[in-house]
Amino acid sequence: MNRKLFNLGIPVLFLIGSGLIAGGSAGQSVNLQPGSGPPEIVLAKILQAPPETRVDWQALRGKVVVLEFWATWCAPCIAQQPHLNQLAERFSDKQVQFISITDEPEEIVAPFLNRRTVKGWVGLDLKKSTFKAFGISGIPRTFVIDPKGKIFASMSGTQEGERLDEDMLNQLIAGSAPAGGTDVRQPVIPAKPGQLIGPDETKAPDNEVAILSISIRPSKETTSTTIVMPNAITATGADLNSLLQSLLRVNPTHLSTPAEMQGTRYDLIATLQNEKTQGLKDLVVSALENALGIRVQRVTREMDAFVLTAPKELTGSLQPTRAKSSHASDDDGVLAASAASLSQLVAQIEKVINAPVIDETHLQGKFDWDLLYDGKNPRSILDAVRQQLGLELLAAKRQVELVIVEKK
């Protein structure tokens, strides 16, 4: 699967407003060891469970419990749900209980469950007590508890080897699972050349912090990570395209760079110790121009594009938001968001179809959506947008803003 989101060191595309990251774990101080007892589950409400259901470890003892931390806006969560549903069906007559826990309110979760199938119980952790107790900083996150009520494993579910499978559940039921389980300590992302460093590490020999520091060098890294903050920018193994996308906030379909420059990777560190830090990105772009002998300019050209339009009344799953914080994420075959603007939907669609998309919906405000399409057939998103969101996506000629990179 082509992983597009943060997981165990893979780059993040969308930072999550509530502090959670879609598709991974950034690590917290909670240190849950295999073989130890899990924290208590504290939920405001449990959906899709029999009346008077108790969700505590005493009531669940003797069962294998699969705790899945997720959200309706989390595309990797939605992408792996069919796999979990399949397991839930296969073990429906066994001592296995699937519990999916979200920190979203029922008014958001219930309509989602009417559209998408989530097998098992669905817990609402409105105060995030259970999320915090388990040290959840990235989702999806799966914890497996053995019949004795001990933690057996924790996994992200977003990579091969990190997914729950039948063998593990069968071994736990039979009591033949390897002792000690799977290490559930949160991963520590190793330091790499170009990784973000603090102000103390940018000191000059006389121990004075540099007011402005920009370092650009060729990289041997094969994976790309870029982090942009107001006073610090760091990139590891980033090519010119990804650097400019982050610095100029431009989508790939609106960026053109010379073909011969697209394969070279760079490590970059830039810091600005100044109260007025808004200009750091411009300084880094200027440094790239001078260091690489290029010119970066914005132009507007008429070209083939897709136009997104909306009827007077929205009839699909795209609806004005009820969420309090903004999230957006994507995965193969899934686009999802809560409290997001249509510009974020446009950016998601552009990446799927690899063509500019112009928003002519005239829709204002923030929206929620969860869109499924055939990941092996990107153009299937055209029908999916119509059928699921109630929008139209049609080919047309339009004036498109582009960022053009040329050699000097």
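**Questions on a predicted model**

Me: Which two cysteines form a disulfide in this predicted model, and how far apart are their sulfur atoms?
Reply: In this predicted model, a disulfide is formed by Cys-74 and Cys-77, and their sulfur atoms are 2.3 Å apart. A pair of cysteine sulfur atoms counts as a disulfide within 2.5 Å, and a search of the whole structure finds 1 disulfide. The pair asked for is therefore Cys-74 and Cys-77, with the sulfur atoms 2.3 Å apart.

Me: Is the link of Cys-74 and Cys-77 right-handed or left-handed, and are the two residues buried or exposed?
Reply: Cys-74 and Cys-77 are both buried. The angle about the S-S bond of their link is 80°, and the link is right-handed.

Me: What is the strand order of the open sheet of 6 strands, and which strands stand at its edges?
Reply: The pairing in this sheet is mixed, and the order of its strands is β2-β5-β4-β3-β7-β8. A strand at an edge has a single partner strand, so one side of it is left without a neighbour in the sheet. From one strand to the next the twist averages 20°. The strands at the edges are β2 (45-47) and β8 (151-155).

Me: In which sense do β7 and β8 pair, and which residue of β8 is the bridge partner of Val-144?
Reply: Strands of a sheet pair through backbone hydrogen bonds, either parallel or antiparallel. For β7 and β8 the sense is antiparallel, over 4 bridges. Within β8, the residue that partners Val-144 is Ala-153.

Me: How many residues of β17 are buried, and which strands are joined to β17 by 5 bridges?
Reply: Strand β16 (residues 327-331) runs antiparallel to β17 and is joined to it by 5 bridges, with Asp-331 opposite Val-334. Strand β19 (residues 367-372) is also antiparallel to β17 and joined to it by 5 bridges, and there Trp-369 is the bridge partner of Ala-337. Because 7 of the 7 residues of β17 are buried, this strand is largely enclosed by the rest of the structure. The count is thus 7 of the 7 residues, and the strands are β16 and β19.

Me: Which residue in the turn of the hairpin of β16 and β17 has a positive phi?
Reply: β16 and β17 form a hairpin that has 2 residues between the strands. The turn residue with a positive phi, of about 85°, is Gly-333.

Me: Why should helix α7 span 18 Å, and how far apart are its end C-alpha atoms?
Reply: Helix α7 (residues 280-292) has 13 residues, and at 1.5 Å a residue it should therefore span 18 Å. Its buried residues include Leu-280, Val-284 and Leu-288, and what covers the buried residues includes β9 (212-218) and α6 (240-248).

Notes
Residues are numbered from 1 along each chain as its sequence is written. This is a predicted model: local features need pLDDT of at least 70, side-chain atom pairs count only at pLDDT 80 or more; totals for chains, interfaces and linings use all residues. Side-chain values use heavy atoms; hydrogens and water are left out. The expected span of a helix is 1.5 Å times one less than its number of residues. Buried means under 20% relative accessible area, exposed over 50%, partly exposed in between (1.4 Å probe, protein chains only). Contact means heavy atoms within 4.5 Å. Two strands pair if DSSP finds at least two bridges between them. Axes are lines fitted to C-alpha atoms, for helices over the stretch in contact, and angles run from 0 to 180 degrees between N-to-C directions.
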